[in-house]
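The following note sets out several points on strand pairing and charged side chains. Please read each point alongside the model.

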Amino acid sequence: MKKIPISFGYERTKRVAKSIYKKIEKVICPILDGEEIHFNATGFGHLIRKLKIRSRNEQKRRFRLIPFAKKIISESKTIEDYREKKMKKGKTVKEWALVSTFGSLTIKLIIRQVGKGNKHFYSIMQKDTKKSP
């Protein structure tokens, strides 16, 4: 797993993270009955903005967690949380939260499915209060 050095600036961190992200494409998730989890523009875009653009520091923190995503999806043994909600257009949105620990670093990853579409990577964040992976 290629880690992104903390010393990288914002633009370089984003560029490296995007390169790693694009190479993943999809990952088999045993905890979700062996389904494929797709890595698309929606997931990467969510790292940059939620309802508004996230701060550069917040984006950089999330970008630096991308190298852990594949391992979290392929090796998680439990689902920490599951949510289901109806959207305005009548579609159901489902979200699964997977959590893995790497040494002192605990990472939460969100998988999302809109309607009957593919399950896809949606977000990644550090779960504990420390901010640097």
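1. Strand E6, spanning residues 120–126, is mostly covered, with six of its seven residues buried. Buried here means under 20% relative accessible area, exposed means over 50%, and partly exposed lies in between (1.4 Å probe, protein chains only). Strands (E, at least two residues) are DSSP runs, numbered from the N terminus. The model is a predicted one: local features need pLDDT of at least 70, side-chain atom pairs count only at pLDDT 80 or more, and totals for chains, interfaces and linings use all residues. Residues are numbered from 1 along each chain as its sequence is written, and side-chain values use heavy atoms, with hydrogens and water left out.

2. The partner of E6 is strand E5 (residues 105–114), and the two pair in the antiparallel sense over six bridges; pairing requires that DSSP find at least two bridges between the strands. Within this arrangement, Arg112 stands opposite His120 of E6. The two strands form a hairpin with five residues between them, and Gly115 in the turn adopts a positive phi of about 60°.

3. Lys119 forms a salt bridge with Glu35, with the closest N and O atoms 2.9 Å apart; a salt bridge is a side-chain nitrogen of Lys or Arg within 4 Å of a carboxyl oxygen of Asp or Glu. Because Lys119 lies in the loop between E5 and E6 while Glu35 belongs to strand E2, the pair ties together parts that are 84 residues apart in sequence. Lys119 counts as buried at 8% relative accessibility, whereas Glu35 is partly exposed, with a relative accessible area of 34%.

4. Glu36 forms a salt bridge with Lys26, the closest N and O atoms being 3.6 Å apart. Glu36 is partly exposed at a relative accessible area of 34%, and Lys26 is partly exposed at 43%.

5. How many salt bridges does a search of the whole structure find? The search returns nine. Another case joins the side chains of Arg83 and Asp81, at 2.9 Å from N to O. Arg83 counts as exposed at 52% relative accessibility, and Asp81 as partly exposed at 25%.

Terms used:
Helix = DSSP H or I, 4+ residues; strand = E, 2+ residues; numbered from the N terminus.
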